[in-house]
Amino acid sequence: MDLTYSRTALVTGASRGIGKAIAASLAGEGWNLILTCSRTLPELSAFARQLEEQNHVLVQSVLCDMGDSASVTNLFEGIPSLELLVNNAGIAHIGLLQDMTDEEWNRILATNLSSVFYTSRAAIPLFLRNRSQAASCCPGRILNISSVWGNVGASCEAAYSATKGGVNSLTKALAKELAPSGIPVNAIACGCVDTVMNGQLSAEEKAEISEEIPAGRFAAPEEIAAAALQLIHSPAYLTGQIVTMDGGWI
């Protein structure tokens, strides 16, 4: 698939939930897409074909462990050009920190935080090449999907909170680094979203949490995608921001 001469976005963790909704919204705007998942490639490939048929865009689905440096390097070797990076891939872990194994800690750290480092490091040269080839005020963008727990922390989700706090700090620091090149870096700190990740909650637990949220409900993935599009369309001067979207919860 030749994506060389088209506006292209990479969305990680795009087979379901927020990543899938963002991919659908971008395709609706005419973006060609590279979508990744870690396990469900047949499902992602079917979704990619659907987006191509409905929106007349090119969509490539790739099985990739975003927490593995070599896998991300291999992924980017097949990407000739890129204008947008959406770091959405992530996993959760609920439990006492004292019961967490080294393997569980390293896995969530790699998937949620190291992945953002790996993809950003690989995407920046592509963005800079865009800047050198055209007089564009915004040669590329990075949007990271974070969490309110990265802002305030959550009991029994210490590791997840730590990784999302890292994403927030990385977003702010990298935004300062890339601002002279006109490359904005922002993040959305999501509250409770109605996704498979939160499917482990019982109906009773969801109702209890919803009562704590002033908006009275979980967000739909499509609402996060709508906010993502607004950030993507914002001036490059808007950078280094962690936009909290939680229905007034935190």
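Modeller: With a relative accessibility of 19%, Trp149 counts as buried, because the limit for that class is under 20%. The structure is a predicted model, and its pLDDT averages 95 over the chain, with 96% of the residues scoring at least 70.

In one of them, Phe117 and Tyr118 are tilted, with 5.5 Å from centre to centre and 50° between the planes. Phe117 has a relative accessibility of 42% and therefore counts as partly exposed, whereas Tyr118, at 17%, counts as buried. Trp149 and Trp249 also form an aromatic pair, which is edge-to-face: the centres are 5.2 Å apart and the planes make an angle of 65°. Trp149 belongs to helix 5 (residues 149–152), while Trp249 lies in the segment after strand 7 (242–245), so this pair ties together parts that are 100 residues apart in sequence. Trp249 has a relative accessibility of 16% and so counts as buried, as does Trp149 at 19%.

In soluble globular proteins, nonpolar side chains tend to be buried together. The largest nonpolar core here holds 34 residues, and those touching the most other members are Ile22, Leu26, Leu33, Leu35, Leu51, Ile145 and Ile188. At least two residues of this core come from each of several elements, including strand 1 (8–11), helix 1 (17–28), strand 2 (32–37), helix 2 (41–55) and strand 5 (141–147). Helix 8 (221–232) is also one of these elements, and helix 8 gives the most to the core, with 7 residues.

Apart from neighbours within four places in sequence, Leu35 is in contact with Val11, Ala14, Ala23, Leu44, Phe47, Leu51, Val59, Gln60, Ser61 and Val62. Another core, of 23 residues, lies apart from the largest one, and its members include Ile34, Tyr118, Leu126 and Ile183. Tyr118 of this core is the partner of Phe117 in the tilted pair.

One further arrangement involves an aromatic ring. The charged end of Lys20 sits over the ring of Phe47, at 5.1 Å from the ring centre, and Phe47 is among the residues in contact with Leu35.

Methods
Residues numbered from 1 in each chain as written. Predicted model: local features only at pLDDT ≥ 70, side-chain atom pairs only at ≥ 80, totals over all residues. Heavy atoms only, no water. Core = buried A, V, L, I, M, F, W, Y, C linked by side-chain atoms within 4.5 Å. Buried < 20%, exposed > 50% of the residue type's maximum accessible area, 1.4 Å probe, protein only. Helix = DSSP H or I, 4+ residues; strand = E, 2+ residues; numbered from the N terminus. Contact = heavy atoms within 4.5 Å. pLDDT = per-residue confidence, 0-100. Phe/Tyr/Trp six-rings, centres within 6.5 Å; stacked < 30°, edge-to-face > 60°. Lys NZ or Arg CZ within 6 Å of the ring centre and 35° of its normal.
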